[in-house]
Amino acid sequence: NPEGNVFLAGLSAQMMFFRGTLDKLEIKPQVIKHGRYKSAAESFEMDKMSDNNREQISAFINAIYNDMTSAMASSRNMSFAQMDSISDHLLARDANDALSYKLVDELVYKDQLLSILKEKLGVANEDKIEMVSLKGYSNSKAAKKPLAKDKIAIVYAVGPINSGEGDDENIGSDRISKAIRQARNDNNIKAIVLRVNSPGGSALASDVIWREVVLAREKKPVVVSMGDVAASGGYYISCAADVIVAQPNTITGSIGVIGLLLNGKDMLKNKLGVTTDTYNTGHYSDLGTFTRGLTPTETGIVQNMVDKIYDTFTKKVAEGRKLNVAYVDSIGQGRVWAGSDALAIGLVDTLGGLDVAVKIAAQRAGITDYRVRELPTQKDPLMELVKEISGDGESRILQRELGDTYEYYAAWRSMMKSEGVQARMPYYIRIQ
């Protein structure tokens with residue numbers, strides 16, 4: 001549109017810190033972690049990024065930016081330097097700028113666009129263009145052919161990882177394990193593609209799912225397809241696969257473990273006048289309660305738990321990826337990587353989307369005529385988006401009311417459901 005614009009300004013990563021708020025409330029954060037890059041609790045214990053966190057953020061944000069800019073430059077027949085300069089100096093500020101810098105080909109209104117389409121279609125100017133909606137297109141009937149007997153199962157593991165059945169926004173270890181087990185025991189399913197889109201979560205729940213992946217791999221090929229994010233627990237459940245496929249911009253890795261406890265004793269006493277008196281049957285019966293802090297001995301106990309989980313995590317990654325444990329530790333430490341960098345260091349095998357993962361699974365299974373079966377009923381966010389656009393989805397009341405802020409509510413609600421030691425990515429990422 002002549003009055004529209006193309007806005008290229010690069011990417012920005014911003015973290016919010018709550019240490020000042022906790023100080024005012026007299027709440028003391030108690031962080032136990034393994035991994036110098038595991039920065040999930042920095043928001044609670046610091047007022048700015050640590051040097052290690054800034055290092056990893058700059059690395060994966062720049063990797064994502066470079067990939068996006070290279071793709072845009074290639075599509076517009078420019079050099080990377082030209083596209084980078086347009087973005088860096090915010091040169092495209094309105095429609096005319098976008099045209100001058102060749103980011104768009106023409107400036108037209110809708111009626112002019114329709115005239116162009118009619119000319120290309122050979123339709124008389126006074127006639128109507130026959131169009132089809134996305135919903136109609138997706139519902140169009142494919143040519144009928146006999147259904148293939150062989151199948152490839154796509155198991156969707158989408159959302160934070162928790163124990164139990166899970167729900168629309170969380171991976172339940174019981175539910176996903178059952179789906180993988182079902183695919184493993186179905187003789188008509190010749191290979192499994194595990195579609196992971198998860199920032200991680202419960203270390204225990206992640207291990208339960210990992211075990212099912214190991215059992216499935218013993219019986220048939222297992223290929224992981226990573227979506228937007230497959231980090232921490234999301235990488236834990238992926239590492240045992242035969243092949244891992246990621247997008248260049250997939251956020252992955254974050255091989256680390258963290259525990260966060262809050263000590264609200266001073267807040268309760270000084271702000272609210274509340275005191276507590278406790279009777280325990282054992283020395284550690286009230287370990288981790290909000291009403292007091294950890295003793296040095298208790299801190300050591302929790303640290304040992306975290307270290308043990310980290311050691312288990314790195315050993316399983318080393319075994320699954322056929323890497324040395326010391327090397328996995330060196331690229332682990334809670335560090336987050338972009339998919340393109342993860343490829344270079346051996347955390348993934350190749351770059352591509354779900355279609356690439358399915359083709360690799362078929363090749364490994366030695367089949368050419370097959371159909372896809374999706375498990376469980378939980379859907380990939382991309383498919384939900386298509387349903388929304390095509391008018392085939394139901395928006396929740398909260399999503400309608402909260403709009404763009406709904407994701408923050410959903411993230412908070414997910415964190416409130418967290419239990420036990422977490423293998424979770426340090427932050428939620430949205431690139432726009």
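This report describes the aromatic ring contacts in a predicted model. Local features need pLDDT of at least 70 and side-chain atom pairs count only at pLDDT 80 or more, while totals for chains, interfaces and linings use all residues. Residues are numbered from 1 along each chain as its sequence is written, and side-chain values use heavy atoms, with hydrogens and water left out.

The structure contains two aromatic pairs. Rings of Phe, Tyr and Trp (its six-membered ring) pair if their centres lie within 6.5 Å; planes under 30 degrees apart count as stacked, over 60 as edge-to-face and the rest as tilted.

| Pair | Centre to centre | Angle between planes | Class |
|---|---|---|---|
| Phenylalanine 18 and phenylalanine 44 | 5.7 Å | 50 degrees | tilted |
| Tyrosine 236 and phenylalanine 313 | 4.7 Å | 35 degrees | tilted |

Phenylalanine 18 lies in the segment before helix H1 (19-25) and phenylalanine 44 in helix H2 (residues 42-45), 26 residues apart. Helices here are DSSP runs (H or I, at least four residues), numbered from the N terminus. Phenylalanine 18 is partly exposed, at 33% relative accessible area, and phenylalanine 44 is partly exposed at 22%. Buried means under 20% relative accessible area, exposed over 50%, and partly exposed in between (1.4 Å probe, protein chains only).

Tyrosine 236 belongs to helix H10 (residues 233-236) and phenylalanine 313 to helix H12 (residues 296-321), so their pair ties together parts 77 residues apart in sequence. Both tyrosine 236 and phenylalanine 313 are buried.

Arginine 335 has its charged end over the ring of tyrosine 37, 5.2 Å from the ring centre. The charged end of arginine 335 also sits over the ring of tryptophan 337, 4.3 Å from its centre. A charge sits over a ring if NZ of Lys or CZ of Arg is within 6 Å of the ring centre and within 35 degrees of the ring normal.

Note on methods: Helices (H or I, at least four residues) and strands (E, at least two) are DSSP runs, numbered from the N terminus.
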